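Q: Please take a close look at the pockets in this model. I would like their volumes, their linings and the strands involved.

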Amino acid sequence: MGLLEVTKEFEKIGYQDKIILLKEKTATVLEAAEALHVEPDMIAKTLTFKTENSCLLVVVAGTRKVDNAKFKKTFERKARMLSPDEALEFTGHAVGGICPFGLKNNLPVYLDISLKEHNIVYPACGNAHSAIALSISELEKLSHMTKWIDITKEK
């Protein structure tokens with residue numbers, strides 16, 4: 001799954017050629033930023049959090065950390081991240097390539113306002129050797145976002 005599912009989804013809207021395939025591993029924010037020659041905060045990392053029976057995804061700017069109090073206020077639950085196996089099970093993507101595209105299940109996707117500090121961001125595309133450059137409006141559209149939220153700590 002992973003990259004193949006993202007590519008299939010993007011083929012439907014003519015975005016498959018925008019996927020950037022890299023020789024370098026991009027599993028971490030710093031690896032991705034170095035491989036793409038961009039600032040780490042421009043990497044759009046997708047975090048997976050447990051819900052009662054499933055999970056939700058939150059895309060945040062690369063260097064941002066989750067503020068647990070803001071998370072609890074927003075989602076009325078403690079922030080509990082999925083294990084790598086759970087993330088793969090729910091999203092169809094392995095850790096390092098998790099993104100809000102080509103998902104195995106229909107999951108809610110939230111975008112953190114930290115992303116709005118950039119005109120272009122770089123989320124993964126289903127594996128640890130892929131990315132795509134997207135404007136914020138493209139990210140909104142392609143991620144089928146639920147809504148914008150504010151759950152990260154200030155820099």
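A: The second largest pocket has a volume of about 160 Å³ (a pocket is an open set of points on a 1 Å grid over the protein atoms alone, where a 1.4 Å probe fits, with protein on both sides within 12 Å along at least five of seven lines; a volume is the space filled by probe spheres set on the points, joined across faces, edges and corners). This is a predicted model, with pLDDT of at least 70 needed for local features and 80 or more for side-chain atom pairs, while totals for chains, interfaces and linings use all residues. Numbering runs from 1 along each chain as its sequence is written, and side-chain values use heavy atoms, without hydrogens or water.

The lining of the second largest pocket (residues with an atom within 4 Å of a point) has 13 residues, with Leu103, Asn105, Asn106, Leu107 and His144 nearest its centre. Six of the 13 are nonpolar, six polar and one charged (Ala, Val, Leu, Ile, Met, Phe, Trp, Tyr, Cys and Pro are nonpolar; Asp, Glu, Lys and Arg charged; the others, Gly among them, polar).

The largest pocket holds about 350 Å³. Its 26 lining residues include Ala27, Lys45, Thr46, Gly96 and Ile98, which lie nearest its centre; the lining has 17 nonpolar residues, eight polar and one charged. Strand E2 (43-50) is one of the elements supplying at least two residues, and E2 gives the most, with six (strands, E, of at least two residues, are DSSP runs numbered from the N terminus).

Strand E5 (120-123) also supplies at least two. E5 pairs with E2 in the parallel sense over two bridges (pairing needs at least two DSSP bridges), and Ile43 has Tyr122 of E5 as its bridge partner.

Conventions:
Helix = DSSP H or I, 4+ residues; strand = E, 2+ residues; numbered from the N terminus.
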